[in-house]
Amino acid sequence: MRGKFITLEGMDGAGKSTHIPDIIKLLENKGVEVVSTREPGGTALGEQLRALLLNEPMHPETETLLMFAARREHIAQIIEPALARGAWVLSDRFTDATYAYQSGGRGVLANKVIELEAWVQGGLQPDLTLLFDVPVEVSVARLASARTPDKFERESADFFTKIRNAYLDRALNNPNRFCIINSNQTLEDVKVEVKNVISSL
């Protein structure tokens, strides 16, 4: 039986990565093999591209193309083989992030992202996407006290507003796949909400 593909999305500072260990534990306790990965990255080549993408200035379309180059390798080496053997794949970001950051934030035309998505992914889509949502001011405040920021985390509040709006539009247009998690509540409340969603899947 083919495995399930779960993605976690949200602005920087939304807190999505915090919940990955709990999701892994929950699924493994149910006897599920879990492959945890991330984008950009996930493969040796993907991690090299990640270092460039998070730190080097570049044209928005170059950024988009490199995201999809890393994604193609990620799908071929990690995601598809795991799903085919029945494992569940848990990915910290996937293509919705490109629609949010490169299209929504950077202004790359959505039809270009759509074409790349069809070429790189074929029909592959997540079975479930958890969108961790917080107000922009909360995200900015959290990032201010975080580690040394990458180039995305150094962006303005206006940039994050565009990203949040793009994510919420994606959720609105894909209601059967998205589940919006209110990440502007206590950590324990968020954990309960995440656990309920994953358990239902």
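Guide: Packing here rests on contact, meaning heavy atoms within 4.5 Å. The model is predicted, so local features need pLDDT of at least 70 and side-chain atom pairs pLDDT 80 or more, while totals for chains, interfaces and linings use all residues. Residues are numbered from 1 along each chain as its sequence is written, and side-chain values use heavy atoms, without hydrogens or water.

Let's settle on helix 1, residues 20–29; helices (H or I, at least four residues) and strands (E, at least two) are DSSP runs numbered from the N terminus. Its buried residues (under 20% relative accessible area; exposed is over 50%; 1.4 Å probe, protein chains only) are Ile20, Ile23, Ile24, Leu26 and Leu27. These five residues sit on the same side of helix 1 because they cover an arc of only 165° around the axis, taken from the directions from the axis to the C-beta atoms. Turn to the face pointing away from that buried side, and you find Pro21, Lys25 and Asn29 exposed. After helix 1 comes Gly31, which has a positive phi, near 85°.

What does the buried side rest on? The buried residues of helix 1 pack against strand 1 (5–10), strand 2 (34–38), strand 3, strand 4 and helix 8 (187–200).

Two of these partners are worth a stop. Strand 3 spans residues 88–92 and includes Ser91. The relative accessible area of Ser91 is 0%, so this residue counts as buried. Leaving aside residues up to four places away in sequence, Ser91 touches Phe5, Ile6, Thr7 and Leu8, along with Thr37, Arg38, Glu39 and His74.

From first C-alpha to last, the 14 residues of helix 8 reach 20 Å, close to the 20 Å expected at 1.5 Å a residue (1.5 Å times one less than the number of residues).
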